[in-house]
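This report describes selected features of one protein chain. Please keep the sequence and the structure in view while reading.

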Amino acid sequence: MSILPIFIPHAGCPHQCVFCNQKKISGQSSATVQNAQRQIEKWLTWLKPSQDNEAAFYGGSFTGLEPQLQEDLLNLTDTLLENGSIGRVRCSTRPDYIDKPRLERLKKHAVTTVELGVQSLDPRVLLVAERGHTVEQVYEAMQLLKEQGFTTGMQLMVGMPEQSFASLQYTVAQTLALAPDLVRIYPLLVVKDTPLAQKYIEGSYTPLSLDEAVEQSAYAYRQFTEAGIRVIRIGLQADDELCTPGNILAGPFHPSMGELVKSRYLRDELTPQLNKLYLAGKRELTITCPKKLVSKLVGMKKCNLAYWRELFPTVQINIESNREQNEITISSLQ
């Protein structure tokens, strides 16, 4: 499956959250049918037509756009559906811009997935972030989306102002109760020309370190994964606009944030098992895994191996791949 992304930066949104500068994040400057058409034409030069492909409206609050603009944009994806370039459409929006008439419009144009920009389910964090919607509106939107048969997604942030680890844990627990089909996790960055950038410059906001963001994101990833909720993205897409020098002022940015988080998740999963074998007197252990997991187990710059060697200095730990194996196993040679 391939995604055909269509960015509509900051369009349809009645607020500027303290962290938001969609023009920097998306690399797009305006939400028009012409702009969307240009993006589609660009992606169609390499996209192989398939019913598994999906067009996705990103960046703004799609259901907050003027109704006619929504229709015009969805007419573009209708054409893609008709000619077989794609098989599905998704959009992102705000929880307070969900109601039955809006959802009827989406269904008419074969939109099957709606992602909500939730960020947090802690009322204090939402208030400080100037999100402009309430926790109750998130619950109401999720209920209505499920009743109308949509695949549901929630986008959450780590490291927001006034967001402690306990606050994040509360948000994760509430998200699990709402049971979305998919989740995105975004460690918060300080982007140029945002209210948050001014707070950072003044010293009233301190972003998470990279290690803190990885740890907290790995916690959320673990909870969602074990509950059967797909985590489809961790960290912002590292495109040319966002990565232009000077655009990111501070924060836990890494172009491979998802790899770092999944690697930390695996480390946290295996450490108790290794510790049990270590305490049992085992001194040579072999971790065997599918080939695709080797790099994650070793960790970036071998950080997981270094962590285990420091924790278990008398144990030799080997990592091997097995093409026939679908799970991770640990064996002891002595």
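A salt bridge is a side-chain nitrogen of Lys or Arg within 4 Å of a carboxyl oxygen of Asp or Glu. The model examined here is a predicted one. By this rule, 12 salt bridges are counted in it. Three of them are set out below.

| Salt bridge | N to O distance |
|---|---|
| Arg-102 and Asp-99 | 2.7 Å |
| Glu-226 and Arg-222 | 3.2 Å |
| Glu-259 and Lys-296 | 3.4 Å |

In the pair of Arg-102 and Asp-99, Arg-102 is partly exposed, with a relative accessible area of 23%, and Asp-99 is likewise partly exposed, at 25%. Glu-226 and Arg-222 both belong to helix α9 and stand 4 residues apart, about one turn of the helix. In general, an α-helix has 3.6 residues a turn, so residues three or four places apart point the same way. Glu-259 in helix α10 and Lys-296 in helix α11 are 37 residues apart, and their pair links distant parts of the chain. Glu-259 is partly exposed, with a relative accessible area of 32%. Lys-296 counts as buried because its relative accessibility is 15%, and the cut-off for buried is under 20%. Elsewhere, salt bridges that share partners join Glu-54, Arg-88, Arg-90, Glu-115 and Arg-184 into one network.

Helix α9 covers residues 210-226 and has 17 residues. From its first C-alpha to its last, α9 reaches 24 Å, close to the 24 Å expected at 1.5 Å a residue. Its buried residues, including Val-214, Tyr-221 and Phe-224, pack against β5, α7, β6, β8 and α10. After α9 comes Gly-228, whose phi is positive, near 80 degrees.

Which residues is Ala-218 in contact with, leaving aside its neighbours within four places in sequence? They are Val-261, Arg-264 and Tyr-265. Ala-218 lies in α9 and is buried, with a relative accessible area of 2%.

In soluble globular proteins, nonpolar side chains tend to be buried together. The largest nonpolar core of this model has 70 residues, and Phe-62, Leu-106, Val-114, Phe-224 and Trp-308 have the most contacts inside it. Helix α10 gives the most to this core, with 7 residues. A second, separate core of 15 residues includes Cys-17, Tyr-186, Val-190 and Ala-250.

Ile-201, in helix α8, is exposed, with a relative accessible area of 59%.

Conventions. Residues are numbered from 1 along each chain as its sequence is written. Side-chain values use heavy atoms; hydrogens and water are left out. Helices (H or I, at least four residues) and strands (E, at least two) are DSSP runs, numbered from the N terminus. The expected span of a helix is 1.5 Å times one less than its number of residues. Buried means under 20% relative accessible area, exposed over 50%, partly exposed in between (1.4 Å probe, protein chains only). Contact means heavy atoms within 4.5 Å. A nonpolar core is a set of buried Ala, Val, Leu, Ile, Met, Phe, Trp, Tyr and Cys residues joined through side-chain atoms within 4.5 Å.
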